[in-house]
Amino acid sequence: MTSSVSVAGFDQLKNTVEKYDKDKRIFVLFCGTKDSKGHSWCPDCVAAEKPVEEAVKSSLPSNAVFIECDAGKLALERGWAINIGGGFHHCSSDSGGGFCAYADLTLLIKNLFIYYSDRIKKVLIVDLDAHQGNGHEHDFMNDERVFIMDMYNSQIYPRDQHAKTAIKCKIELMNHTDDKTYLRLLHINLEKSLKEFQPDFVVYNAGTDILEGDLLGNLDITPEGVIIRDEIVFSKCIRERNIPIVMCTSGGYQRTNARVIADSILNLNRKELISCE
């Protein structure tokens, strides 16, 4: 029979994983913070969570352990968290778009404001996917608690002019922008945004559709450029300012993307910007 456990934060997750036998198969579902009744603040999430959990559990082997973990608390406890399956930045709270079915970035940020209001007053979105993040831009159009820095190829989808009015730091790139130009603009504008807004939390949308050869992103950033990009963001947020950060890997449409993402995360670990201990 499948065992089910709910935990919050890294220490509880680590202790729970360690206590089960080695022959157990462990599956973890990362979710948002819930109230004392086990419900999310979001009505749509309440409706969706039960069938999703039941579907997952029904597919697990009998000796499995199903762990539900509060992901938002991970970043606040550890200083960082990485979601390799998120970053649906074209989806707003009332509309999907561009391969994006639900507004995970909006849910994350609203979750922080509701459940961690004593610690999180201001959130900076650093959107470095090749495409404009028009979904979260629509959601936080008039919210002064959220500062959006968006660096994207201006010559591709979605070209959402109305959403652009929500961007506080807008960096529009041209087709085939290379490492040198890209990293220079990132360094200047990220430093400027952090100094101006002084956020309590950073949401980093780290799309790898900026890689050369990506037919949808149409930029010319090398794998080494992606690794340096991620290192710049983590260095400025964690090492220089001690600001907690959640990274989502977002878009990327080549077979090589997974390897580049893995290499970048390993580099962050080698540089001691993140730690799994």
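How are helix 8 and helix 9 oriented to each other? In this predicted model, the axes of helix 8 and helix 9 (residues 257–270) cross at roughly 40° and come within 9 Å. Angles under 35 degrees count as roughly parallel and those from 65 to 115 as roughly perpendicular; helix 8 and helix 9 are therefore oblique to each other. Their crossing is right-handed. On the side of helix 8, the contact is made by Pro-223, Val-226, Ile-227, Asp-230, Glu-231 and Phe-234. Helix 9 contributes Val-260, Asp-263, Ser-264, Asn-267 and Leu-268. By class, the contact of helix 8 with helix 9 comprises 6 nonpolar, 2 polar and 3 charged residues.

Helix 8 (residues 223–239) also packs with helix 7 (residues 179–197), at an angle of about 15° and with the axes 11 Å apart. Because of this angle, helix 7 is roughly parallel to helix 8. The crossing of helix 7 and helix 8 is right-handed. From helix 7, the residues in contact are Asp-179, Tyr-182, Leu-183, Leu-186, His-187, Leu-190, Glu-191 and Leu-194. These meet Gly-225, Ile-228, Arg-229, Ile-232, Val-233, Lys-236 and Cys-237 in helix 8. The contact of helix 7 with helix 8 divides into 9 nonpolar, 2 polar and 4 charged residues.

The peptide bond from Tyr-157 to Pro-158 is cis, with omega near 10°. Arg-159 lies in the loop between strand 6 and helix 6 as well. The phi of Arg-159 is positive, near 50°, in a residue other than glycine. In general, most residues other than glycine have a negative phi, and most peptide bonds are trans.

The second largest pocket was also examined. The space in this pocket amounts to about 250 Å³. The lining of the second largest pocket is formed by 22 residues. Those lying nearest the centre of the pocket are Phe-99, Ser-250, Gly-251, Gly-252 and Tyr-253. By class, the lining residues of the second largest pocket comprise 8 nonpolar, 13 polar and 1 charged.

Methods. Residues are numbered from 1 along each chain as its sequence is written. This is a predicted model: local features need pLDDT of at least 70, side-chain atom pairs count only at pLDDT 80 or more; totals for chains, interfaces and linings use all residues. Side-chain values use heavy atoms; hydrogens and water are left out. On a 1 Å grid over the protein atoms alone, a cavity is a set of points where a 1.4 Å probe fits but cannot get out, and a pocket is an open set with protein on both sides within 12 Å along at least five of seven lines; lining residues have an atom within 4 Å of a point. Grid points are joined across faces, edges and corners, and a volume is the space filled by probe spheres set on the points. Ala, Val, Leu, Ile, Met, Phe, Trp, Tyr, Cys and Pro count as nonpolar, Asp, Glu, Lys and Arg as charged, and the others, Gly among them, as polar. Axes are lines fitted to C-alpha atoms, for helices over the stretch in contact, and angles run from 0 to 180 degrees between N-to-C directions. Helices (H or I, at least four residues) and strands (E, at least two) are DSSP runs, numbered from the N terminus. Angles under 35 degrees count as roughly parallel, over 145 as roughly antiparallel, 65 to 115 as roughly perpendicular and the rest as oblique. A crossing is left-handed if the near helix is turned anticlockwise from the far one by less than a right angle, and right-handed if clockwise. Contact means heavy atoms within 4.5 Å.
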